[in-house]
Amino acid sequence: MIFVSLVSMPIFRKVFVAQRSNTRLPVTVFTGGDHRFRTIGRQIENLVNRQCEVCITPATPLREGIGALSKTGGRLYLTEGLWHFNGSFEIDSKFIQLISLSPGRTVFARESAQAVTDPIIKSTGANNLFEGIRFIDETGTVATQALKITGSNTVVRNCVFEDFYSGILVDGCDRVRVVDCEFQTGVSRAIEYSGTCVGGMITQNSVERTGGNVYLGDNVSEVVVIGNTFDATSTELSY
């Protein structure tokens, strides 16, 4: 069961699976009158046949949400809304899944005044998942990334990257997949695999006219690049 708290409190508690009509669907209980709670609740209840562990809104910092998961990982569901970053945030745990309940409307943003050379998110744990998140990194000419991955077997799915210097950097890890993502208004590379990387897949992504290039470094091998859309003849796949 998911308990949604009063307006002044962080939205969320640990999830308990409840039996309802012989199913294992999450149940939402409302204690506030805000209609947005009902919208969020519908997003949660539409997670048919999923076991929801933790769900947060922007009222709860990402660090707290991840901290509420098991030490062995888990799913963290994020409602629509804006999470501000004033630097870089590292996810060093394994099997962490960040999943948007409203793909494209869960926003991780860093403003130009907070620009640093470190990425918005650095994922160092293995077997992590990022799904449905919009990354906005207004760093201008500061050479950085929206998402840096150094943990093997990570998946980035159905995410959007905009106003970035570089979108995704996969650095020295294996079998990382970038699937069904969209890259807009980038300065440098949309996707880069660098260091010693073995295996992985880049597929069904859309790179817009100003979305940057895709680059595979000299020590990258066995990475499949297939079925992507490049919205300009000047966009390159370099390897």
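Student: Which residues touch the most other members of the largest nonpolar core?
Tutor: The general idea comes first. In soluble globular proteins, nonpolar side chains tend to be buried together. A nonpolar core here is a set of buried Ala, Val, Leu, Ile, Met, Phe, Trp, Tyr and Cys residues joined through side-chain atoms within 4.5 Å. Buried means under 20% relative accessible area, exposed means over 50%, and partly exposed lies in between (1.4 Å probe, protein chains only). In this case the largest core has 43 residues, and Leu62, Leu98, Phe108, Ile121, Phe161, Phe183 and Tyr193 touch the most other members. Another core, of 6 residues, lies apart from it; Cys55, Tyr77, Leu101 and Leu129 are among them.

Student: What should I know about the model itself?
Tutor: It is predicted: local features need pLDDT of at least 70, side-chain atom pairs count only at pLDDT 80 or more, and totals for chains, interfaces and linings use all residues. Residues are numbered from 1 along each chain as its sequence is written, and side-chain values use heavy atoms, with hydrogens and water left out.

Student: Which residues does Tyr193 touch?
Tutor: Contact means heavy atoms within 4.5 Å. Leaving out residues up to four places away in sequence, Tyr193 touches residues including Val170, Val176, Met201, Tyr215 and Val223.

Student: In what order do the strands form the sheet?
Tutor: Strands (E, at least two residues) are DSSP runs, numbered from the N terminus. Two strands pair if DSSP finds at least two bridges between them. Here 8 strands form an open sheet, with parallel pairing, in the order E3-E4-E7-E10-E13-E16-E20-E24. Strands E3 (54-56) and E24 (224-226) stand at the edges with a single partner strand each, so one side of each has no neighbour in the sheet.

Student: How many bridges join E16 to E20?
Tutor: There are 4, between residues 176-179 and residues 200-203. In one of these, Val176 has Gly200 in E20 as its bridge partner.

Student: How many salt bridges are there?
Tutor: A salt bridge is a side-chain nitrogen of Lys or Arg within 4 Å of a carboxyl oxygen of Asp or Glu. The count comes to 5. One of them joins Arg110 and Asp137 (2.9 Å, N to O). Arg110 lies in strand E8 and Asp137 in strand E11, so the pair ties together parts 27 residues apart in sequence. Arg110 is buried, at 0% relative accessibility, and Asp137 is buried at 0%.

Student: Is Arg189, the partner of Glu192, buried or partly exposed?
Tutor: Arg189 is partly exposed, at 29% relative accessible area. Glu192 is buried, at 16%. Their closest N and O atoms are 3.4 Å apart.
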